[in-house]
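Please keep the sequence open while going through them.

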Amino acid sequence: LPATWPACRGLGTGFSATHEAGGGKGGGNVAGVALCVATASAIGVCRQHAFQIRRKRMAKVHRVICWSAAAAWNPGEQDDRMFSSEEQYLAHLQTEGRLPAGFRIGTAQLKFVPVEAPAMGMLPMTLTLISLDEPTEMYAAVFTSNAFPGAPVLVGRRRLEAGAPLQAVAVNNKVSNVFPADGGEAASEEICSAVAKALQLSGGGASVLPSSTGVIGWRLPTAELIAAVPEAVDALQSESALPAARGIMTTDRYPKLSSAELPGGARVVGFAKGAGMIEPNMATMLCYILTDADLSFSQASLQAMLAEAVGDTFNAISVDGDESTSDTVALLSSRKVPCSDENAFRDALRRVCADLAAEVVRNGEGTQHVIRVAVSGAADNATAHRVAKNVVNGPLFKSAVAGNDPNVGRLVGNVGSTLGRAGAAAADGCVCKIGGDVIFADGRFALDGDRERRLSDHLEAAGMQGNVPHPEHHRVVDVEVQLGGNGTGQ
C-alpha cells in the first residue's frame, strides 16, 4: 500500500513523514518521518484556495517557481516550488549545482558480489570523488551519535581531531562498512590511499575523508573500489555537483541539491542522500557542503557554525525514527573567493542545510505527506523540540494525515503526553492549529463542519504520489502548537 510521510520544516519546528498502512481515513499502522524545529512566528495563514488551484494545475506546470525554500521552515508559509517531470527537476539541479571554484567531482560505476550474500550475484555500486585543487585546513564535520558508528565515521573523526589539511572525499554507496567481519577501518584507509595516489596528493591517504552508505554489516569490496578509482579520476569535472548528488544515492527516489550565493560571488553548494533510517542526531544520511568562500575566521569557528546549522536542521527531521550508524555532514572550503561577511556565510550555510534536510524528509521512503510542526511558548527549546518530535513521530497522527483525516484529537493527545503532569502550566492556554485554522484553544476543541472540510482539504493539498523520481511540489501539512505559560522556548 502507498506510504505517506508527513514532514515538518521550521526553525524550532518538527518535520515528519508517515506511511499509510491501512488505506482510508485513519487506517492502519504507520511509520513516519519527523522534522522538529522551533519557530519564533506563532501565526499561520491558511491559503487553502491557493493550494487547491495549484493542485489542479500541477500536471500542467512546465516552469520552475522561484527559489523559496526558506518558506518551508516558516509557520503559515508554503514553499511554492513545483516540478512536473524528472527532466525539469534535473535541469533545475544542473543550474543550482554549479560548483564553487577550486572543486572537481567525478564518479565511476562498478560491480561486486557481496561476500555475505553471494547468492545475490553482481550488484552495482558508485564511487564518488570530491577533489580540491589545493589542500585546505578550512573544513568541518559532524557525525552520527550512534554508539555503533561505521568505520568511515571512526576514520573521519580521527581526521577531524588531527586537523591536518584535506584535499579529497571518497564516497561509496550500497555498502555502509559498519562493523563488518574484517573491522572495516583498514578497508576505508586503503581506499583513501588509493585515491591519494591517483590524485597525487602530497598529504597521502590522511588527506582523504572516506564515507560509505548502504547495507550495514557487509564488507567493502575493496579491490573493486580501488580498481574504479582511475575511472572516477578521469571523470573529474568542475562544472556541476549533480553527478555526486546522484552517485551517493541508495534508496533515494531523486538527488537532493541546494545552493546559495554570497556577497562578492562566493557560493555554498550542498548535496545529500537519505530516504530511510532517518532521525539524525548527527543516520544513513550523508551531506557534503562545498564553498569557495575564503573565510576570515578560524577552523574552530567553522566547526561551531556547522554544528549549529546541523542542530537546527538535520537534527530536526525524522522519516522513521531510526538513527543511522553512518550519518555525516562535511563542509569544505577551497578559499578561492574573498568573503569577510561572517553573518552572510552563516545564513547561507543554514539555508542550504535547511533546504537539504527538508528534501531528505520529502524523499523519505514512501513519503506522501510532509508535516511541519512549529512549537512556541515552551519552558525551553529542548521542551519545544520534544513536543514537536512527539507529534511528528506519532503513528496515529501520521496515519490520520495519511488518510487526509483531520483527527485533531491525536495531535492534541501527542502534545499532552509529552508535557505530562509536570507541564500543566504549558497546557493551560495551549493553542493548536492546522493549516492556520485554530482547532484547540482555551481548553476546548474548536470544530465544526466547515472547519473539518478545510482541514481535510489542507491535508489533501499537501499530498503527493511518493513514487515518482522528482518532487512534485514542496507543500507541507502546517501544524502550530503555541504552549501556555509564557515560555520563550521554541
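1. Gly420, which comes just after helix H11, takes a positive phi of about 65°; helices here (H or I, at least four residues) and strands (E, at least two) are DSSP runs, numbered from the N terminus. The model is a predicted one, in which local features need pLDDT of at least 70 and side-chain atom pairs count only at pLDDT 80 or more, while totals for chains, interfaces and linings use all residues. Residues are numbered from 1 along each chain as its sequence is written, and side-chain values use heavy atoms, with hydrogens and water left out.

2. Helix H11 itself covers residues 408-419, and its twelve residues reach 17 Å from the first C-alpha to the last, close to the 16 Å expected at 1.5 Å a residue (the expected span being 1.5 Å times one less than the number of residues). Its buried residues are Val408, Leu411, Val412, Asn414, Val415 and Leu419, where buried means under 20% relative accessible area, exposed over 50%, and partly exposed in between (1.4 Å probe, protein chains only). Seen down the axis of H11, these buried residues fall within an arc of 155°, so they line one face of the helix; the arc is that of the directions from the helix axis to the C-beta atoms.

3. For the structure as a whole, the search finds 19 salt bridges, each defined as a side-chain nitrogen of Lys or Arg within 4 Å of a carboxyl oxygen of Asp or Glu. One of them joins the side chains of Glu189 and Arg158 at 3.5 Å, N to O, and this pair links distant parts of the chain, since Glu189 belongs to helix H4 (residues 185-199) and Arg158 to helix H3 (residues 151-162), 31 residues apart. Glu189 counts as partly exposed at 24% relative accessibility, and Arg158 also counts as partly exposed, at 38%. A network of salt bridges links Arg158, Arg159, Glu185 and Glu189.

4. Asp437 lies in strand S15 (residues 437-441) and Arg451 in helix H13 (residues 449-461), so the pair ties together parts that are 14 residues apart in sequence. Both Asp437 and Arg451 are buried.5. In helix H13, the end C-alpha atoms are 18 Å apart, which agrees with the 18 Å that its 13 residues should span at 1.5 Å a residue. The buried residues of H13 include Leu455, Ser456, His458, Leu459 and Ala461. Asp448 caps the N-terminal end of H13, with a side-chain oxygen 3.1 Å from the backbone nitrogen of Asp450.

5. An open sheet of five strands has the order S6-S12-S11-S10-S9, with mixed pairing; two strands pair if DSSP finds at least two bridges between them. Strand S6 (139-143) and strand S9 (256-261) stand at the edges with a single partner strand each, so one side of each is left without a neighbour in the sheet.

6. Strand S9 is joined to strand S10 (residues 267-273) by six bridges, and the two run antiparallel; Ala260 stands opposite Val268 in S10. The side chains of Glu261 and Arg267 meet in a salt bridge (3.3 Å, N to O). Glu261 counts as partly exposed at 46% relative accessibility, whereas Arg267, at 6%, counts as buried.

Notes
Polar contact = N/O pair within 3.5 Å; in protein donor to acceptor, adjacent residues only side chain to side chain.
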